[in-house]
Protein chains: 2
Amino acid sequence: MTRIFVPLLLGVAAIWAQPEIAPDRRVTFRLDAPKTTEVSLSGEFLKGSVSLGKNDSGVWSVTVGPLEPEIYNYNFTIDGVKTIDPANPNVKTGSTPSTIASILDVPGSTPRFFDGQPVPHGEIDTHWYHSNSLHALRRLTVYVPPGYARQPQARYPVLYLFHGANADETAWTRFGRVNLILDNLLAARKAKPFVVAMPFGYGLPPGFPRPAGAGAADNAALFSRDLIEDVIPFIESQYRVETGRDQRAIAGLSMGGGESLGIGLNHLELFSWVAGFSAALRPDSFASTFANLEGANQKLKLLWFGCGSDDSLFAASKRFSEFLTRRQVKHVFYESSGAHTWIVWRRYLNELAPMLFR
Amino acid sequence: MTRIFVPLLLGVAAIWAQPEIAPDRRVTFRLDAPKTTEVSLSGEFLKGSVSLGKNDSGVWSVTVGPLEPEIYNYNFTIDGVKTIDPANPNVKTGSTPSTIASILDVPGSTPRFFDGQPVPHGEIDTHWYHSNSLHALRRLTVYVPPGYARQPQARYPVLYLFHGANADETAWTRFGRVNLILDNLLAARKAKPFVVAMPFGYGLPPGFPRPAGAGAADNAALFSRDLIEDVIPFIESQYRVETGRDQRAIAGLSMGGGESLGIGLNHLELFSWVAGFSAALRPDSFASTFANLEGANQKLKLLWFGCGSDDSLFAASKRFSEFLTRRQVKHVFYESSGAHTWIVWRRYLNELAPMLFR
């Protein structure tokens, strides 16, 4: 029987009776719902959905697995309404309702690269700042590596790291575990210490009134202005950071991957390290979006993007790699397994971080 | 028609199409659920619950109000299952499932005391620290007032502020708006600047294995050890703070109010300012819990506790006031309107903060 490693992160609901995780990592989901007529389960550990069965007490249940030690999203659909598991306190939220899900954390027999471990820990700072370019109060999340306060002479490089559509500036810390991944890499001396700035990735936030006809391009352009005119100056005024292009990296996932590749490759005067995770890219407009690649090989320290083979965006990343090859721009296209999930993005961060600022 | 003040806090889902808030502050809740047979709404703006009606397209709806400009929790019950509103991205979570709810923010015609406004903003720091007393990795949230970084010679007093049962160390910033309330008070010169430390308030976290027979007293005793042996030393090593008892305050709500009054009044060598909000108090054990009140009037700068008249804990606070009066301990019992909700606790913080460290 496999021993289960218990991540003793007592400040968060890391362990809960629901769903029930057996020692062999089979997972039983339950819903006490005598009045409902149909309950199904969907989740990142399933293709499609499975129906739950009801016992005489009105408790619905289903067992799946064994599952790999990972963090998964899942939902119940209760009489046709897709919602969370009301017995699990661990809920995924974002900037739109489409991202709402329950979170299942299946521990392994040893600590995973994103588990809290007895190593020095960095801190997460949340700032409210006034964006002059957007005329709005916005939030910004910042990871500061361990040792920052004890080394008042040190200056650090900065990774600007973006979330995906429907998420917000808390996603990389809440679901991406950026701080624990970097704490663990630093303790193992596998990465250089750097600050991570995680802004809210929408110029035109979901749910707010927007100008007639405004679309994805306007959203990206407004976000780019906020980043360059407000976020970077804010970080460079508030933190002891390096300000040269060789000390700035830019990365993001999905919508944020489109942003990081688009902004990064159009602003090589600002960034030498550019990355995209499962990036939302538009092959039809590569030539116009990436029109400024002259001299890129001289300026870029790294151009890295990855996508999972089960991701519907895989083809776009592959075509981007072909486009860059035709333009003779050096890059790494990391073709991995996996789908459009945080499982993949945590792994990509763990791959990328050791390469940065070397 | 009332003009609606739009809080432009674009980093969070402050505004969303669901529920629909009319200019007169009537609020319409909707659920697209053709297959369900019964949907009801409960919330802090209602006594009991109301049923939703279904139209021919299978959309359930109900309109309530007009509601006062406030932030309210609510839930849908869908065929007997209490859950969130799946069309609203704004979800309240905590350390147990009982706290899961959707959040409705009804704006007013002018900014409220807890709204983000164009004033200098403090920051929120999240720390992962190893608790030697609990042998666990825990999280701690810290509010740092605006100006802290620009005044490297200044030292600040500290308020230790606790959440209630079923919540966690993020509750005071996510639902209590502690940072925005203090930013606004500071901008209006109504409060002195101070640091706020918000630990995870459980010694025995919900959902974790616990020793046989362990109860509320053990939970409080373990939390007290973590606070005194780990949290306070951590804060005093990481921040430029004053370390005298006149520069330390302790406050909390509900379970955390029981903790703040219990710890504070038993540790007057550490705290001169002690407060409780809708505190969970046990009148039967006042004499033993608060056995060390000798000299309290000389040591205490302020003993303040409030409770709302619609709160089931009101009687306990009233009896605590009578107990203190019999012991001739000076105190302020603030009898307010309201129930056991964040509406009350935000107001109490706004009342208490201007009195501290004067």
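Let's start with B:His121, which sits in the loop between β10 (101-105) and β11 of chain B. Keep in mind that this is a predicted model. Is B:His121 buried or exposed? With a relative accessible area of 17%, B:His121 falls under the 20% cut-off, so it counts as buried.

What does the side chain of B:His121 reach? Two backbone oxygens of chain B come up here, and the table puts them side by side with a contact between the chains.

| Side chain | Partner | Distance |
|---|---|---|
| B:Lys35 | side chain of A:Glu38 (salt bridge, N to O) | 3.9 Å |

Setting aside neighbours within four places in sequence, B:His121 also touches residues of both chains: A:Trp128 and A:Leu137 on one side, and B:Pro146, B:Leu180 and B:Asp183 from its own chain.

That brings us to the place where the chains meet. Chain B puts 57 residues into the contact, and chain A puts in 57 residues too.

How many salt bridges does the rule find across the interface? There are two between chain B and chain A, and one of them joins the side chains of B:Lys35 and A:Glu38. As for polar contacts, the count between the chains is three residue pairs, with both residues at pLDDT 80 or more.

Which parts of chain B face chain A? At least two residues each come from β2 (27-32), β8 (81-83), β11 (123-131), β12 (136-144) and α2 (178-187) of chain B. The largest share, six residues, belongs to β11(B). Sorted by class, this side of chain B has 28 nonpolar, 18 polar and eleven charged residues.

Now hop over to chain A and its helix α4, residues 255-266. The helix has twelve residues and spans 17 Å from its first C-alpha to its last, close to the expected 16 Å. Why can we call α4(A) largely enclosed by the rest of the structure? Because eleven of its twelve residues are buried. Among them are A:Met255, A:Glu259, A:Leu261 and A:Ile263.

And what do those buried residues pack against? Their partners in chain A include the strands β13 (158-162), β15 (248-252), β16 (273-277) and β17 (302-308), along with the helices α3 (216-238) and α7 (314-326).

How values were computed: Residues numbered from 1 in each chain as written. Chains lettered and ligands numbered in written order. Predicted model: local features only at pLDDT ≥ 70, side-chain atom pairs only at ≥ 80, totals over all residues. Heavy atoms only, no water. Helix = DSSP H or I, 4+ residues; strand = E, 2+ residues; numbered from the N terminus. Expected span 1.5 Å × (residues − 1). Buried < 20%, exposed > 50% of the residue type's maximum accessible area, 1.4 Å probe, protein only. Contact = heavy atoms within 4.5 Å. Salt bridge = Lys/Arg side-chain N within 4 Å of Asp/Glu carboxyl O. Polar contact = N/O pair within 3.5 Å; in protein donor to acceptor, adjacent residues only side chain to side chain. Nonpolar A, V, L, I, M, F, W, Y, C, P; charged D, E, K, R; others polar.
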